[in-house]
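This briefing is meant for a reader who is meeting the structure for the first time. Please look over the sequence and the model before going on to the points that follow.

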Amino acid sequence: MATVTPIDLTEVLKNAPAGEWIALSHDEGRIVATGKTLDDVLKAATEAGEEQPIVLKVPPVSALIL
Amino acid sequence: MRFPYVVFPAKSDAAFPNRRLCARPLIKVLLRKGPRSLLTYAIVDSGADQCIFPASLATHLGITIPNPNTYVFSGTQDSPQIAYFDTVTATLWNWNPAEAAITFELYAGFCQTLEHVGLGLLGQDGFFSRFTVNFDSRNLQFDVSA
């Protein structure tokens with residue numbers, strides 16, 4: 001199987017607001033909306049013409065162990 | 001199916017003064033419940049017992065929480081955490097047109113304590129129990145096969 005290239009979100013997310021929901025464009029190339037709630041972000045993304053954004057927060061490194 | 005790691009920006013701290021980024025084994029996963037769907041990331045986490053997502057996602061998918069399907073677990077916090085479970089349809093794909101997406105029914109939990117993380121966890125029960133997963137961290141990629 002061919003090697004795949006890592007998805008590098010460092011530039012896209014470098015100024016992303018901490019602790020807020022983020023909607024990325026489907027190609028992961030840009031932030032289309034940010035907001036305090038997931039609903040707000042999804043509505044804003046739809047209004048921006050992004051029908052199926054990828055939603056996430058920028059996770060703190062310390063928060064990933066469960 | 002082969003997936004790339006996802007590289008996030010990360011701040012340095014006293015323990016890791018040179019850290020600027022953090023690569024994680026994440027999958028884009030489309031969650032569906034009836035007519036509603038949502039595309040998000042989930043961490044492929046062999047240390048997690050269950051598959052769990054932030055509670056906000058349940059609300060968007062039309063899943064009622066709290067619900068009777070409670071699961072009490074503990075992580076790094078002293079206090080017990082509660083997830084509410086329901087069955088969703090999950091679809092994984094690496095966006096390679098030559099490969100077919102993987103779709104399966106997933107009994108997933110939703111909890112408030114993952115809200116601050118904003119990502120889901122694909123753990124042992126429901127993900128690792130269903131797929132063979134091989135990590136190649138050195139090359140920032142991993143394989144998932146049925």
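In what order do the elements of chain A run from the N terminus on? They run β-α-β-β-α-β, in a model that is predicted.

**Chain A**
- The secondary structure of chain A comes to 2 helices and 4 strands.
- Chain A has 66 residues, and buried residues make up 27% of them.

**Chain B**
- Chain B holds 2 helices and 12 strands, and from the N terminus on its elements run β-β-β-β-β-β-α-β-β-β-β-α-β-β.
- With a radius of gyration of 16 Å, close to the 15 Å that the globule rule gives for 146 residues, chain B is therefore as compact as a globular protein of that length.
- Taken along the principal axes, the box that the C-alpha atoms of chain B fill is roughly 45 × 45 × 25 Å.
- Buried residues make up 38% of the 146 residues in chain B, and residues 24 or more positions apart account for 57% of the chain B contacts with a separation of 6 or more.

**Where the two chains touch**
- Contacts between the chains involve 29 residues of chain A and 33 residues of chain B.
- On the side of chain A that touches chain B, at least two residues each are supplied by strand S1 (7–8), helix H1 (10–13), helix H2 (38–47) and strand S4 (54–56) of chain A.
- Sorted by class, this side of chain A has 20 nonpolar, 5 polar and 4 charged residues.

- An open sheet of 3 strands has the order S1(A)-S2(B)-S3(B), and its pairing is mixed.
- S1 of chain A and strand S3 (21–24) of chain B stand at the edges of this sheet, and because each has a single partner strand, one side of each is left without a neighbour in the sheet.
- S1(A) and strand S2 (residues 6–9) of chain B run parallel and are joined by 2 bridges, with A:Asp8 standing opposite B:Val7 in S2(B).

**Strand pairing within chain B**
- Strands of a sheet pair through backbone hydrogen bonds, either parallel or antiparallel.
- Another open sheet of 3 strands lies in chain B, with the order S1-S12-S11 and antiparallel pairing.
- Strand S1 (2–4) and strand S11 (132–136) of chain B stand at the edges of that sheet, each with a single partner strand, so one side of each has no neighbour in the sheet.
- On average, and with direction ignored, neighbouring strands of this sheet are turned by 20 degrees against each other.
- S11(B) pairs with strand S12 (residues 141–145) of chain B in the antiparallel sense over 5 bridges, and B:Asp136 has B:Gln141 in S12(B) as its bridge partner.
- Strand S4 (residues 26–33) and strand S5 (residues 36–44) of chain B also pair in the antiparallel sense, over 8 bridges, and the bridge partner of B:Leu26 in S5(B) is B:Ile43.
- The hairpin of S4(B) and S5(B) has 2 residues between the strands, and in this hairpin B:Gly34 takes a positive phi near 60 degrees.
- S4(B) pairs with S8(B) as well, in the antiparallel sense over 4 bridges, where B:Leu31 stands opposite B:Ala90 in S8(B).

**The nonpolar core**
- The largest nonpolar core has 55 residues, and those with the most contacts inside it are A:Ala23, A:Val41, A:Val55, B:Ile27, B:Ala42, B:Ile52 and B:Phe110.
- Strand S8 (residues 81–92) of chain B gives the most to this core, with 6 residues.
- When its neighbours within four places in sequence are left aside, A:Ala23 is in contact with A:Val32, A:Ala33, A:Val41, A:Leu42, A:Ala45, A:Glu50, A:Pro53 and A:Val55.

Definitions and conventions:
Residues numbered from 1 in each chain as written. Chains lettered and ligands numbered in written order. Predicted model: local features only at pLDDT ≥ 70, side-chain atom pairs only at ≥ 80, totals over all residues. Pairing = 2+ DSSP bridges. Axes fitted to C-alpha atoms, helices over the stretch in contact; angles between N-to-C directions. Core = buried A, V, L, I, M, F, W, Y, C linked by C-beta atoms within 7 Å. Buried ≥ 20, exposed ≤ 12 C-beta atoms within 10 Å, placed from the backbone. Contact = placed C-beta atoms within 7 Å. Nonpolar A, V, L, I, M, F, W, Y, C, P; charged D, E, K, R; others polar. Rg over C-alpha atoms; globule rule 2.2 N^0.38 Å.
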